[in-house]
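Visitor: I have a structure here that is new to me. Can you walk me through it?
Guide: Gladly. Here it is.

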Amino acid sequence: MAVEGRARASVRHRLLGPAVVVAVVVLTACSPSAGPTATSAGAAPPDAQSARGAGPAAVGADALGGQTLDGQPFSWSRLAGRPAVLWFWAPWCTICRAEAPEVAEVAAEYTGRVEVIGVAGRGDRTSMEAFVADTGTGSLTHLVDENGELWNRFGIVSQPAFVFVDPSGDVETFAGSLGEAELRAVLDDLATGS
(Lines give C-alpha, C1' and ligand atoms only; values in the text may rest on other atoms or scores of the structure.)
Protein backbone atom coordinates (compact mmCIF):
# COMPACT_ATOMS: atom_id res chain seq x y z
CA MET A 1 0.00 0.00 0.00
CA ALA A 2 1.53 3.27 -0.98
CA VAL A 3 0.51 6.16 1.21
CA GLU A 4 1.02 9.53 -0.46
CA GLY A 5 2.17 12.92 0.84
CA ARG A 6 2.21 13.98 4.45
CA ALA A 7 0.27 10.94 5.61
CA ARG A 8 2.95 8.67 4.20
CA ALA A 9 5.72 10.44 6.11
CA SER A 10 3.64 10.46 9.28
CA VAL A 11 2.74 6.78 9.03
CA ARG A 12 6.27 5.74 8.27
CA HIS A 13 7.82 7.79 11.07
CA ARG A 14 5.29 7.07 13.77
CA LEU A 15 5.27 3.30 13.30
CA LEU A 16 7.80 1.09 14.97
CA GLY A 17 8.67 0.31 11.37
CA PRO A 18 6.29 -1.22 8.85
CA ALA A 19 8.12 -4.55 8.72
CA VAL A 20 8.21 -4.83 12.52
CA VAL A 21 4.52 -4.04 12.92
CA VAL A 22 3.57 -6.34 10.05
CA ALA A 23 5.74 -9.03 11.64
CA VAL A 24 3.73 -8.71 14.84
CA VAL A 25 0.49 -9.15 12.87
CA VAL A 26 1.78 -12.06 10.79
CA LEU A 27 3.60 -13.89 13.58
CA THR A 28 0.73 -13.49 16.01
CA ALA A 29 -1.57 -15.01 13.42
CA CYS A 30 0.74 -17.97 12.85
CA SER A 31 1.16 -18.90 16.48
CA PRO A 32 -2.04 -19.26 18.46
CA SER A 33 -0.17 -19.30 21.76
CA ALA A 34 2.09 -16.35 21.02
CA GLY A 35 0.81 -12.94 22.00
CA PRO A 36 2.25 -9.62 20.89
CA THR A 37 4.84 -9.58 23.67
CA ALA A 38 6.26 -12.97 22.78
CA THR A 39 6.35 -12.08 19.10
CA SER A 40 8.08 -8.76 19.48
CA ALA A 41 10.54 -9.95 22.09
CA GLY A 42 12.68 -12.32 20.08
CA ALA A 43 11.52 -12.88 16.53
CA ALA A 44 13.38 -11.38 13.62
CA PRO A 45 10.95 -9.48 11.41
CA PRO A 46 10.32 -10.99 7.98
CA ASP A 47 10.53 -8.77 4.92
CA ALA A 48 7.51 -6.62 4.13
CA GLN A 49 6.29 -9.06 1.46
CA SER A 50 5.24 -11.48 4.20
CA ALA A 51 2.27 -9.18 4.84
CA ARG A 52 0.72 -10.26 1.53
CA GLY A 53 -2.65 -11.85 2.15
CA ALA A 54 -2.42 -11.17 5.89
CA GLY A 55 -5.88 -9.67 5.98
CA PRO A 56 -8.65 -10.78 8.32
CA ALA A 57 -9.07 -14.20 6.71
CA ALA A 58 -5.34 -14.97 6.89
CA VAL A 59 -5.16 -14.10 10.57
CA GLY A 60 -8.09 -16.35 11.35
CA ALA A 61 -10.54 -13.64 12.30
CA ASP A 62 -13.45 -15.67 10.91
CA ALA A 63 -12.62 -18.43 13.37
CA LEU A 64 -13.22 -15.90 16.14
CA GLY A 65 -16.60 -14.95 14.80
CA GLY A 66 -17.69 -11.57 15.93
CA GLN A 67 -20.53 -9.61 17.33
CA THR A 68 -21.35 -5.98 16.79
CA LEU A 69 -21.98 -3.63 19.67
CA ASP A 70 -25.69 -3.73 18.84
CA GLY A 71 -25.69 -7.53 19.24
CA GLN A 72 -25.67 -8.59 15.59
CA PRO A 73 -23.37 -11.36 14.29
CA PHE A 74 -20.48 -10.16 12.17
CA SER A 75 -18.98 -12.15 9.29
CA TRP A 76 -15.45 -11.27 8.25
CA SER A 77 -16.20 -12.62 4.78
CA ARG A 78 -18.04 -9.38 4.02
CA LEU A 79 -14.60 -7.72 3.75
CA ALA A 80 -13.27 -10.18 1.16
CA GLY A 81 -11.87 -8.28 -1.82
CA ARG A 82 -12.82 -4.90 -0.34
CA PRO A 83 -10.65 -2.24 1.26
CA ALA A 84 -11.25 -1.86 4.96
CA VAL A 85 -9.96 -0.06 8.03
CA LEU A 86 -10.13 -1.55 11.49
CA TRP A 87 -10.00 1.18 14.14
CA PHE A 88 -8.99 -0.25 17.52
CA TRP A 89 -10.21 1.83 20.45
CA ALA A 90 -10.95 1.53 24.16
CA PRO A 91 -13.85 3.26 25.92
CA TRP A 92 -11.64 4.91 28.54
CA CYS A 93 -9.01 6.12 26.02
CA THR A 94 -9.03 9.93 25.88
CA ILE A 95 -7.09 9.97 22.60
CA CYS A 96 -9.63 7.59 21.04
CA ARG A 97 -12.43 9.81 22.31
CA ALA A 98 -10.79 12.91 20.80
CA GLU A 99 -10.24 11.36 17.36
CA ALA A 100 -13.61 9.53 17.20
CA PRO A 101 -15.67 12.33 15.57
CA GLU A 102 -13.04 12.74 12.83
CA VAL A 103 -12.89 8.99 12.23
CA ALA A 104 -16.69 8.92 11.86
CA GLU A 105 -16.66 11.95 9.54
CA VAL A 106 -13.98 10.52 7.26
CA ALA A 107 -15.64 7.09 7.29
CA ALA A 108 -18.92 8.68 6.14
CA GLU A 109 -17.11 10.29 3.19
CA TYR A 110 -15.89 6.85 2.05
CA THR A 111 -19.13 4.90 2.53
CA GLY A 112 -19.38 2.28 -0.19
CA ARG A 113 -15.68 2.58 -1.09
CA VAL A 114 -13.83 1.70 2.14
CA GLU A 115 -15.45 0.01 5.13
CA VAL A 116 -14.38 1.45 8.49
CA ILE A 117 -15.03 -0.81 11.46
CA GLY A 118 -14.42 0.04 15.08
CA VAL A 119 -12.97 -2.71 17.27
CA ALA A 120 -13.79 -1.91 20.87
CA GLY A 121 -11.75 -3.64 23.51
CA ARG A 122 -10.34 -3.34 26.99
CA GLY A 123 -13.61 -2.39 28.60
CA ASP A 124 -17.13 -3.58 29.26
CA ARG A 125 -20.04 -3.39 26.82
CA THR A 126 -21.85 -0.65 28.77
CA SER A 127 -18.76 1.60 28.61
CA MET A 128 -18.39 0.84 24.90
CA GLU A 129 -22.01 1.81 24.24
CA ALA A 130 -21.54 5.05 26.20
CA PHE A 131 -18.38 5.86 24.19
CA VAL A 132 -20.24 5.42 20.89
CA ALA A 133 -23.15 7.57 22.09
CA ASP A 134 -20.86 10.29 23.48
CA THR A 135 -18.62 10.47 20.40
CA GLY A 136 -21.26 10.30 17.67
CA THR A 137 -19.72 7.21 16.07
CA GLY A 138 -22.95 5.21 15.92
CA SER A 139 -22.90 5.23 12.11
CA LEU A 140 -19.86 2.89 12.19
CA THR A 141 -20.05 -0.84 12.74
CA HIS A 142 -18.34 -1.53 16.07
CA LEU A 143 -17.18 -5.00 17.05
CA VAL A 144 -17.05 -6.02 20.70
CA ASP A 145 -13.72 -7.52 21.76
CA GLU A 146 -14.03 -7.64 25.56
CA ASN A 147 -11.57 -10.51 25.92
CA GLY A 148 -8.99 -9.03 23.51
CA GLU A 149 -8.95 -11.94 21.04
CA LEU A 150 -9.12 -9.68 17.97
CA TRP A 151 -6.58 -7.27 19.43
CA ASN A 152 -4.20 -10.18 19.99
CA ARG A 153 -4.90 -11.73 16.61
CA PHE A 154 -4.00 -8.48 14.86
CA GLY A 155 -1.04 -7.77 17.16
CA ILE A 156 -2.54 -4.61 18.64
CA VAL A 157 -0.92 -3.71 21.96
CA SER A 158 -2.12 -0.13 22.48
CA GLN A 159 -4.89 2.17 21.42
CA PRO A 160 -5.78 3.87 19.27
CA ALA A 161 -4.47 1.79 16.39
CA PHE A 162 -5.49 1.24 12.79
CA VAL A 163 -5.22 -1.81 10.56
CA PHE A 164 -5.53 -0.94 6.87
CA VAL A 165 -6.52 -3.84 4.61
CA ASP A 166 -6.36 -3.43 0.86
CA PRO A 167 -8.57 -5.47 -1.53
CA SER A 168 -5.84 -8.11 -2.00
CA GLY A 169 -5.63 -8.67 1.76
CA ASP A 170 -2.37 -6.81 2.35
CA VAL A 171 -2.25 -5.25 5.80
CA GLU A 172 -0.53 -2.18 7.19
CA THR A 173 -0.80 -1.39 10.89
CA PHE A 174 -0.52 2.06 12.37
CA ALA A 175 -0.07 2.40 16.13
CA GLY A 176 -1.32 5.76 17.38
CA SER A 177 -3.72 8.50 16.45
CA LEU A 178 -4.19 9.77 12.90
CA GLY A 179 -5.36 13.27 12.12
CA GLU A 180 -8.31 13.81 9.82
CA ALA A 181 -6.16 14.75 6.81
CA GLU A 182 -3.82 11.79 7.30
CA LEU A 183 -6.68 9.33 7.68
CA ARG A 184 -8.41 10.76 4.62
CA ALA A 185 -5.20 10.37 2.57
CA VAL A 186 -4.86 6.71 3.55
CA LEU A 187 -8.53 5.96 2.82
CA ASP A 188 -8.21 7.74 -0.51
CA ASP A 189 -5.25 5.49 -1.32
CA LEU A 190 -7.23 2.38 -0.32
CA ALA A 191 -10.29 3.49 -2.31
CA THR A 192 -8.30 4.05 -5.49
CA GLY A 193 -6.18 0.94 -5.06
CA SER A 194 -2.89 2.77 -5.47
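Visitor: In what order do the elements of the protein chain run from the N terminus on?
Guide: Starting at the N terminus, the order is α-α-α-α-β-α-β-α-β-α-β-β-α. That comes to 8 helices and 5 strands. Keep in mind that this is a predicted model.

Visitor: How much of the protein chain counts as buried?
Guide: Of its 194 residues, 48% count as buried.

Visitor: And the contacts, what share join residues at least 24 apart?
Guide: The share is 75%, taken among contacts in the protein chain between residues at least 6 apart in sequence.

Visitor: Let's do helices. At what angle do α5 and α8 cross?
Guide: Helix α5 covers residues 94-109 and helix α8 covers residues 180-192; their axes cross at roughly 30 degrees and come within 10 Å. Angles under 35 degrees count as roughly parallel, so α5 and α8 are roughly parallel to each other. Their crossing is right-handed.

Visitor: Which residues meet there, on α5 and on α8?
Guide: From α5 there are Glu102, Val103, Glu105, Val106 and Glu109, and they meet Glu180, Leu183, Arg184 and Leu187 of α8. By type, the residues of this contact split into 4 nonpolar, 5 charged and no polar.

Visitor: What about α5 and α6, how do they cross?
Guide: The axes of α5 and α6 come within 9 Å, with a crossing angle of roughly 45 degrees. α5 and α6 are therefore oblique to each other. This crossing is right-handed.

Visitor: Which residues of α5 and α6 meet?
Guide: Cys96, Arg97, Ala100 and Pro101 belong to α5, and they meet Phe131, Asp134 and Thr135 in α6. The contact of α5 with α6 divides into 4 nonpolar residues, 1 polar and 2 charged.

Visitor: How far is serine 127 from tryptophan 92?
Guide: Their C-alpha atoms are separated by 7.9 Å, while along the chain serine 127 and tryptophan 92 are 35 residues apart.

Visitor: New topic: aromatics. How many aromatic pairs does the count come to?
Guide: The count comes to 8 aromatic pairs. One of them joins tryptophan 87 and tryptophan 89, a tilted pair at 6.0 Å centre to centre with 35 degrees between the planes. Tryptophan 87 and tryptophan 89 are both buried.

Visitor: What kind of pair do tryptophan 87 and phenylalanine 131 form?
Guide: That pair is tilted, with 6.3 Å centre to centre and 45 degrees between the planes. Tryptophan 87 sits in strand β1 (residues 84-89) and phenylalanine 131 in α6, so the pair ties together parts that are 44 residues apart in sequence. Phenylalanine 131 is buried, as is tryptophan 87.

Visitor: Which residues form the aromatic cluster?
Guide: One aromatic cluster is formed by Phe74, Trp76, Phe88, Trp151 and Phe154.

Visitor: Last one: is glutamate 115 buried or exposed?
Guide: Buried: its relative accessible area is 11%, and the cut-off for buried is under 20%. Glutamate 115 lies in strand β2, residues 115-121.

Visitor: And what does glutamate 115 touch?
Guide: Leaving aside residues up to four places away in sequence, glutamate 115 touches Arg78, Leu79, Arg82, Pro83, Ala84, Val85 and Thr141.

Terms used:
Residues are numbered from 1 along each chain as its sequence is written. This is a predicted model: local features need pLDDT of at least 70, side-chain atom pairs count only at pLDDT 80 or more; totals for chains, interfaces and linings use all residues. Side-chain values use heavy atoms; hydrogens and water are left out. Axes are lines fitted to C-alpha atoms, for helices over the stretch in contact, and angles run from 0 to 180 degrees between N-to-C directions. Helices (H or I, at least four residues) and strands (E, at least two) are DSSP runs, numbered from the N terminus. Angles under 35 degrees count as roughly parallel, over 145 as roughly antiparallel, 65 to 115 as roughly perpendicular and the rest as oblique. A crossing is left-handed if the near helix is turned anticlockwise from the far one by less than a right angle, and right-handed if clockwise. Contact means heavy atoms within 4.5 Å. Ala, Val, Leu, Ile, Met, Phe, Trp, Tyr, Cys and Pro count as nonpolar, Asp, Glu, Lys and Arg as charged, and the others, Gly among them, as polar. Rings of Phe, Tyr and Trp (its six-membered ring) pair if their centres lie within 6.5 Å; planes under 30 degrees apart count as stacked, over 60 as edge-to-face and the rest as tilted. Buried means under 20% relative accessible area, exposed over 50%, partly exposed in between (1.4 Å probe, protein chains only).
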